[in-house]
Amino acid sequence: VVYGVGKNKIGQLGLENEEEYVLIMEKMNIEGSFVLVSAGFDFTLLLNAEGYVFGTGGNYYGQLLGNESFYRHPIPLHLNERIQHISSNYFQSALLTISGSVLTVG
């Protein structure tokens, strides 16, 4: 279970609503077992126990590898390899694959 609190202007908390600020923790609308969460300026990435990455929020610079400018709900990042670690910064992220390669998005 993943919870979010704070700024949610473009959906970076994955709550599927348009509240700009969330002051009480709310459950993110995603199921599964997550081992790591990493946040940038206006987006959030989640890594599940199976090595798949999901993202929500801003995608203006390709942070989520989607076709829309932003997403108010978590979407899967379509990658060719499973991931073992994620680290996000302002508008980009580094993803460490299980084979040891590093992918960057954003």
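Leu96 stands opposite Val102 in β9. This pairing belongs to a predicted model, in which local features need pLDDT of at least 70 and side-chain atom pairs count only at pLDDT 80 or more, while totals for chains, interfaces and linings use all residues. Residues are numbered from 1 along each chain as its sequence is written, and side-chain values use heavy atoms, with hydrogens and water left out. Helices (H or I, at least four residues) and strands (E, at least two) are DSSP runs numbered from the N terminus.

**The sheet β7-β8-β9**

- Three strands form an open, antiparallel sheet in the order β7-β8-β9; two strands pair if DSSP finds at least two bridges between them.
- The edges are taken by β7 (83-88) and β9 (102-105), each of which has a single partner strand, so one side of each is without a neighbour in the sheet.
- On average, neighbouring strands of this sheet are turned by 20° against each other, direction ignored; the axes are lines fitted to C-alpha atoms, for helices over the stretch in contact, and angles run from 0 to 180 degrees between N-to-C directions.
- Strand β8 (residues 93-97) is joined to β9 by four bridges, and the two run antiparallel.
- In general, strands of a sheet pair through backbone hydrogen bonds, either parallel or antiparallel.

**Aromatic pairs**

- There are five aromatic pairs, where rings of Phe, Tyr and Trp (its six-membered ring) pair if their centres lie within 6.5 Å, and planes under 30 degrees apart count as stacked, over 60 as edge-to-face and the rest as tilted.
- One of the pairs, Phe41 with Tyr90, is tilted, at 4.8 Å centre to centre and 35° between the planes.
- Phe41 lies in the loop between β3 (34-39) and β4, and Tyr90 in the loop between β7 and β8, so this pair ties together parts that are 49 residues apart in sequence.
- Phe41 counts as partly exposed at 49% relative accessibility, and Tyr90 counts as partly exposed at 44%; buried means under 20% relative accessible area, exposed over 50%, and partly exposed in between (1.4 Å probe, protein chains only).
- Tyr90 also pairs with Phe91 in an edge-to-face manner, at 4.5 Å centre to centre and 80° between the planes.
- Phe41, Tyr61, Tyr90 and Phe91 form one aromatic cluster.

**Thr44**

- Thr44 is placed in strand β4 (residues 43-48) and counts as buried, at 10% relative accessibility.
- The Thr44 side chain reaches the backbone oxygen of Gln12 at 2.6 Å.
- Leaving aside neighbours within four places in sequence, Thr44 is in contact (heavy atoms within 4.5 Å) with residues including Gln12, Val37, Phe54 and Leu64.

Note on methods
Polar contact = N/O pair within 3.5 Å; in protein donor to acceptor, adjacent residues only side chain to side chain.
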